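Please read it with the model open.

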Amino acid sequence: MEEVKLVERMMIQPETPTPRRRIFLSNIDLTLVAYQESVSFFDPPANQMSFSEACRRISRGISRLLVTYDFMAGRIEPSLEGSSRRLEIDCNSAGFVLATATTKTRLSQLGELAAPKPEFRQLVAFLREENEDELELKDKPLGLFQLTQFACGGLALGSRYNHCALDGLSVHQFNTNLASLTRGEGLVVVPMPDRTIFRARNPPQISHPHFEYSKATDTDNTFTLRGTSTVLVDKPQPYNQIHAVHLSTKDIQALKKAALKDGKLKNCTAFQAVAAKIWKARSIAVKITEDKISTMLFPVDTRTRIVPQAPAGFSGNALVPGFARASGRELKEEEYSSLVRRVQEGIDRLDDEYIRSSIDWLEVNTGMPCREDSFSLVSWWRLGLETEEFAWGRLKCAAPVVVKPGIVFLLPGSTAEGGLNIFLELEGDQVVEFRRLMMAD
């Protein structure tokens, strides 16, 4: 990919003044104080919209949107409520970053756009500060966009969000609202950023074991906001090559049929069937020993699982880790239907009391999603991202910029192929074995 050149980088404030306030961050939010990067692609505008007009539309749209999403123009600060351990969002109108850029590369030269690849890093290149690792959180924007025009007229919208502010569904709502504003229309969803519905109980009441989380250690405590916080954040890590495995619609149906074959399950969703297969294949491919416990985490939306339910338009983190765990021996020897049932149990156990218990566990134990012999399965397979339609056109596809170690992504297959693509970071010999096991009957 040829060099991406910066046109302009600006800090956008809310269109009209917003009241100064603080947004409470839940314990779910505080396990996710880390930046997530993705990129969305668009064909050349069918309406012949110029790049300068597209830039004007998105700039104005962000400014208008920040009146309602005032917290996305804010910054993370230590809490004013007693404990300096806690962080919260100061809605101080500091702003949201928009960078615009161009490249002589054509979209077609990037190959499969739904496949994360190193070239995508250029599409978020202007969303980082040169001295970023030295900056305090209070100096970092919570949201940043980079709109890049390709030589063919196609566009890429790179995004960088601090995950503590929004989960994947909330990001989708934010982008859907922004798309509507760029078209000159109103909000599609009114955001509700109050997270106090996920506040820990006082006193905490831990009623379940929580294998989905790991307790922090002294070596985990790498981020201190200059000594005031014990929140855990990601550290840069080296990456192996990202590999892809495609499952056709026929493959997925075959997995569902295999899960139901012995009659032990009444039903099985496509996600459950695929997840169980990936869990077994990856655990064997990385040579987990028979006595070790392999844990697969997968985000579960709890908006309608808690009591009372989160309000429509909830804008925060409500995706908590469901999990399935088994020994290496069990993964090798158990029937496929049994592994699918473990995935189902990982979803079913997340009722109101379990979710409350997990929040209380995090109140007592500074922790993070389980890391011991574990991985996270993240599905963008059926998020409905293709419904986002900006002034310059409908989203073509979207992908994460990188696949971090310990993460497996499920992304939609191409329009022509259908099905889904599995993206994961493994060593060469491991991915050969993973691919073989995924395709085995």
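## Helix α3

Helix α3 (residues 168-182) is built from 15 residues, and its first and last C-alpha atoms lie 21 Å apart, close to the 21 Å expected at 1.5 Å a residue. The expected span is 1.5 Å times one less than the number of residues. Helices (H or I, at least four residues) and strands (E, at least two) are DSSP runs numbered from the N terminus. The model is predicted: local features need pLDDT of at least 70, side-chain atom pairs count only at pLDDT 80 or more, and totals for chains, interfaces and linings use all residues. Residues are numbered from 1 along each chain as its sequence is written, and side-chain values use heavy atoms, with hydrogens and water left out.

Of the 15 residues of α3, 13 are buried, so the helix is mostly covered; buried means under 20% relative accessible area, exposed over 50%, and partly exposed in between, with a 1.4 Å probe and protein chains only. At the start of α3, a side-chain oxygen of Asp 167 comes to within 3.3 Å of the backbone nitrogen of Leu 169. This is a polar contact, that is, a pair of N or O atoms within 3.5 Å; within protein, one must be able to donate a hydrogen and the other to accept it, and residues adjacent in sequence count only if both atoms are side-chain atoms. After α3 comes Gly 184, with a positive phi near 85°.

Helix α2 (residues 51-68) has 18 residues and spans 26 Å between its end C-alpha atoms, close to the 26 Å expected at 1.5 Å a residue. Its buried residues include Phe 51, Cys 55, Ile 58, Ile 62, Leu 65 and Leu 66. Among the elements that cover the buried residues of α2 are strands β1 (4-12), β6 (96-103), β7 (143-149) and β8 (155-162), as well as α3.

Helix α5 (residues 270-285) has 16 residues, which should span 22 Å at 1.5 Å a residue; the end C-alpha atoms are 22 Å apart, in agreement. α5 is mostly covered, with 14 of its 16 residues buried. Lys 287, which follows α5, has a positive phi near 60°.

Arg 75 lies in strand β4 (residues 75-78) and is buried, because its relative accessibility is 4%. Not counting residues up to four places away in sequence, Arg 75 touches, among others, Met 11, Glu 88, Asp 90, Lys 138, Asp 139 and Pro 141; contact means heavy atoms within 4.5 Å. The side chain of Arg 75 also reaches the backbone oxygen of Ala 73 at 3.5 Å. From Arg 75 to His 172, 97 residues apart along the chain, the C-alpha separation is 21 Å.

Asp 360 belongs to helix α8 (residues 352-364). Asp 360 counts as buried because its relative accessible area is 0%. Its side chain reaches the backbone nitrogen of Gln 205 at 2.9 Å. Beyond neighbours within four places in sequence, Asp 360 is in contact with Ala 200, Arg 201, Pro 204, Gln 205 and Ile 206.

## Backbone geometry

Most residues other than glycine have a negative phi, and most peptide bonds are trans. The bond joining Asn 202 and Pro 203 is cis, with omega about 0°, and Pro 203 sits in the loop between α3 and β9 (213-215). The peptide bond from Val 307 to Pro 308 is also cis, with omega near -5°; Pro 308 is in the loop between β11 (293-301) and β12 (319-327).

Gln 48 is not a glycine, yet has a positive phi of about 60°. This residue is in the loop between β3 (35-42) and α2 and is exposed, with a relative accessible area of 67%. Ser 93, likewise not a glycine, has a positive phi of about 60°. Ser 93 lies in the loop between β5 (87-91) and β6 and is partly exposed at 22% relative accessibility.
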